[in-house]
Amino acid sequence: MSSHIARTVWVLGDQLNRNLAHLRTARPSQTRVLFIISLDKLRRAPWHQQRLHFILTAMRRLANELTDEGFSVDWRVAETMRQGVSAHLEEFSPEYISVMQPMNRAGQRLIDSLSATMPITVTPSDQFLCSREEFAEWASANTRKDGSLLMEDFYRWQRRRLDILIDPDGEPVGGRWNYDDENRLSPPKGEHEWPAINRRELDDVDAWVTDFLASVDGLSMKGEPPDGLWATDHDGAMQQLQYFLRHAIDEFGPYEDAIVSDEPYLNHSLLSPYLNIGLLHPAEVIAAVKELSDDIALNSIEGFIRQIIGWREYVHGLYWWFGPDYVNENHFNDDAPVPPSFTGAHTEMNCVAHVAKWVEQDAWTHHIPRLMVLANLATLAGIDPSKMMRWMWASFIDGAEWVMAPNVIGMGMYADGGRMSTKPYVSGGNYISKMTDFCGDCSFDRKARTGDKACPFTTLYWDFLDRNRDVLRSNHRMARVYANLDRLSDIEEVRERAVEVRGRLIAGTI
Ligand SMILES: Cc1cc2nc3c(=O)[nH]c(=O)nc-3n(C[C@H](O)[C@H](O)[C@H](O)COP(=O)(O)OP(=O)(O)OC[C@H]3O[C@@H](n4cnc5c(N)ncnc54)[C@H](O)[C@@H]3O)c2cc1C
Ligand code: SF4
């Protein structure tokens, strides 16, 4: 009987939700569901094993849920996606395969090329609150005279149109759009109680996926194995959302930019992996926030929804708006490889050692270690932005091209020459010391820019400004730092030390 089902819904690995457009109205009597595991994709990069485990386990659980609901599920392991689709067509002969608009360009290209010869129809995606088409309309109407877009404009537009914490007169609840003066504090001094972290028991589905990955020839994985930090179904993702809203969000705002060396998670939500593969929809997050909004400090609520309806949706919109060449931008013509210290080689830099350990342990760090430590050092040291992006993509559980490209190429490394940010996000050891507790225990001296004990960030910061004088000096937001650079009397020694630091960074001996 199942062979007469006319329609197949092909569920991609980042569309894992029964309530998204592709599956919402599907009924077992009319629809077969296809999942394809592409071995080629598994072998394409040295993925963090928790990342592969997370995605495959979440796929498998959704496949099991759909089977329990009565769907005929085709779980297909194939060399490539194309081969998987062909084999499915051959075995089941559906009239057509329906797939939801992919989130990334590679997926889009694949679907375009498959649909030239196969019966494939594309359903518009509803995975974001602002679709790429709506973003394009907003961006066309809101580009400033100098060609720039502002996240703040987008965020206010989203708040108003989605009616999130907006008074009847259209103004923000509390009278302010932004609570930066109450948020983004340095880490608290002395003892502080941070929210506990929940870990789930791994079960037979986890074991099944672990065995499957172990059976794939030619797979190279890195990082520590799964330890239950990440949920792999909608219920687990919802539990983490509720836990965050009840136990962590209150101090999210104040400490969102802080780093504490023995506490990787602080008050962060740990929701990005779920949002990015569909286990959680941003509308579910906003609905839950609204429900508890009377009990949560306004500065923290504002800081959090700014991330969900502001930054996340803005980054997604920019990825499509900036066009396909954006991922190759390399404003400073950098070509150095990703340093071994990022991938676990021993380093004396206390900040890098901690952040690399967190990535190894969880395939995740919060925003500021990614920005202030990894992307900052990559920019200062002249690492090739596309290599940096590929490394982060393979190493982080929440990685995807749509979110990595603007964050790494734009926000993190200024490789787009300022299309996303008005100036490079670079800093030396002094700023890192202000927002973290790393420097006190480091063998380098954050204040020194020359000599054996000079902090690599500090040396490279001044050298970066010096090296890129022609490109950056005319940026009025850099005027003060260039005035400071001009006052340095030891710039020759800084240049010499920078050559040594860059060499040792790439060789993995610093
Ligand atoms: C160099 C660099 C690389 C990054 N790579 C990724 C990535 O591959 N995947 C990813 O999801 N995020 C990425 N980010 C953004 C951000 O660091 C993570 O979303 C966040 O750390 C995830 O942890 P969390 O869920 O606890 O976030 P929280 O701090 O609790 O924030 C809440 C949510 O806001 C969203 N968010 C906040 N900032 C951003 C942003 N800049 N871009 C997109 N979403 C945002 C996320 O969905 C996040 O879950 C990157 C940032 C930088 C600077
Ligand atoms: S002194 Fe420099 S290298 Fe050491 S922890 Fe601070 S910023 Fe990092």
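Let me start with I277, which touches G13, D14, Q15, L16, F54, I55 and A58, leaving aside residues up to four places away in sequence, where contact means heavy atoms within 4.5 Å. What you see is a predicted model, in which local features need pLDDT of at least 70 and side-chain atom pairs count only at pLDDT 80 or more, while totals for chains, interfaces and linings use all residues. Residues are numbered from 1 along each chain as its sequence is written, chains are lettered from A and ligands numbered from 1 in the order in which they are written, and side-chain values use heavy atoms, with hydrogens and water left out.

I277 belongs to helix α10, residues 272–277; helices here are DSSP runs of H or I with at least four residues, strands are runs of E with at least two, and both are numbered from the N terminus. Because its relative accessibility is 6%, I277 counts as buried, a word that means under 20% relative accessible area with a 1.4 Å probe and protein chains only. From I277 to E134 the separation is 143 residues in sequence and 21 Å in space, C-alpha to C-alpha.

Turning to ligand 1, 28 residues surround it, the closest being H268, S269, L270, N276 and M404, and a residue is counted if one of its heavy atoms lies within 4 Å. A backbone N or O atom of L270 lies 2.7 Å from an oxygen atom of ligand 1, and a backbone N or O atom of S272 lies 2.9 Å from an oxygen atom of ligand 1. On the side-chain part, an N or O atom of N407 is 2.9 Å from a nitrogen atom of ligand 1.

Where does ligand 2 sit? Ligand 2 sits in the largest cavity, a cavity being a set of points on a 1 Å grid over the protein atoms alone where a 1.4 Å probe fits but cannot get out, and sitting there requires more than half of the ligand's atoms to lie within 2 Å of its grid points. The elements that give two or more residues to the shell around ligand 2 are α13 (350–362) and α17 (429–435).

Finally, S98 lies in strand β4, residues 96–100, and counts as buried because its relative accessibility is 2%. The side chains of S98 and T123 are joined by a polar contact of 3.3 Å, that is, a pair of N or O atoms within 3.5 Å, of which, within protein, one must be able to donate a hydrogen and the other to accept it, with residues adjacent in sequence counting only if both atoms are side-chain atoms.

How values were computed:
1 Å grid on protein atoms, 1.4 Å probe; cavity = no way out; pocket = protein on both sides within 12 Å on 5 of 7 lines; lining within 4 Å. Buried < 20%, exposed > 50% of the residue type's maximum accessible area, 1.4 Å probe, protein only.
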